[in-house]
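This report describes one protein chain for a reader who has not seen it before. The overall form comes before the individual residues.

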Amino acid sequence: MNRTEALDVVKESIARVIPDADFDTLGPDDAFREALEMDSLDFLSFIETLSERTGVRIEDEDTPQLTTLSAGADFLVARTA
């Protein structure tokens, strides 16, 4: 998976949990959990969706790496290479 594909998967996974997420106002390094007002259940749903869509096992200790669009894409690229 290349970085563009990974970024798209991260955005699509967020959109499944927060359908009205506005990615135009969200920068690549903005903490999307706060910006989109995701509570802990929303974030858990995002992690599960991301894992299901990519086949990448995401451990609890990995979640701090999945707080921005850019970091999420980097995480996926590293795990699918």
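## Overall form

For 81 residues, a compact globule would have a radius of gyration near 12 Å, and the chain agrees with this because its own value is 11 Å. The model is a predicted one. Along the principal axes, the C-alpha atoms fill a box of roughly 30 × 25 × 20 Å.

The chain contains four helices and zero strands. Read from the N terminus, the order of elements is α-α-α-α. Of the contacts between residues at least 6 apart in sequence, 57% join residues at least 24 apart.

## Surface and charge

Buried residues account for 38% of the 81 residues in the chain. The accessible surface comes to about 4800 Å², and carbon and sulfur atoms hold 45% of that area.

On the side chains, 7 positive charges stand against 19 negative ones. The centres of these two sets lie 5 Å apart.

## Two threonines in helix 3

Helix 3 covers residues 40-54, and Thr49 is found in it. Thr49 has a relative accessibility of 14% and therefore counts as buried, the cut-off being under 20%. Its side chain reaches the backbone oxygen of Ser45 at a distance of 2.8 Å. When residues up to four places away in sequence are not counted, Thr49 touches Ser13, Arg16 and Val17.

Thr54 also lies in helix 3. The relative accessible area of Thr54 is 18%, so this residue is buried as well. A polar atom of the Thr54 side chain lies 2.8 Å from the backbone oxygen of Leu50. Apart from neighbours within four places in sequence, Thr54 is in contact with Met1, Val9 and Leu76. Thr54 and Ala6 are 48 residues apart in sequence, while their C-alpha atoms are 9.0 Å apart in space.

## A serine in helix 4

Helix 4 spans residues 69-80, and Ser70 has its place there. With 14% relative accessibility, Ser70 counts as buried.

Which side chain makes a polar contact with the side chain of Ser70? The partner is Arg3, at 2.6 Å. Arg3 is also among the residues that Ser70 touches once those up to four places away in sequence are set aside; the others are Pro28 and Asp29.

## An exposed loop residue

Glu37 sits in the loop between helix 2, residues 32-35, and helix 3. Is Glu37 buried or exposed? Its relative accessibility is 70%, and because the cut-off for exposed is over 50%, Glu37 counts as exposed.

The backbone of Glu37 has a positive phi of about 55°, although the residue is not a glycine.

## Summary

The chain is built from four helices, with zero strands, and its radius of gyration of 11 Å agrees with the value for a compact globule of 81 residues. The side chain of Ser70, in contrast, makes its polar contact with the side chain of Arg3.

Methods. Residues are numbered from 1 along each chain as its sequence is written. This is a predicted model: local features need pLDDT of at least 70, side-chain atom pairs count only at pLDDT 80 or more; totals for chains, interfaces and linings use all residues. Side-chain values use heavy atoms; hydrogens and water are left out. The radius of gyration is taken over C-alpha atoms; the globule rule is 2.2 Å times the number of residues to the power 0.38. Buried means under 20% relative accessible area, exposed over 50%, partly exposed in between (1.4 Å probe, protein chains only). Contact means heavy atoms within 4.5 Å. Accessible areas come from the Shrake-Rupley method with a 1.4 Å probe; for residues, only the protein chains shown count as cover. Lys and Arg count as positive and Asp and Glu as negative; His and the chain ends are not counted. The place of a charge is taken as NZ of Lys, CZ of Arg, CG of Asp or CD of Glu. A polar contact is a pair of N or O atoms within 3.5 Å; within protein, one must be able to donate a hydrogen and the other to accept it, and residues adjacent in sequence count only if both atoms are side-chain atoms.
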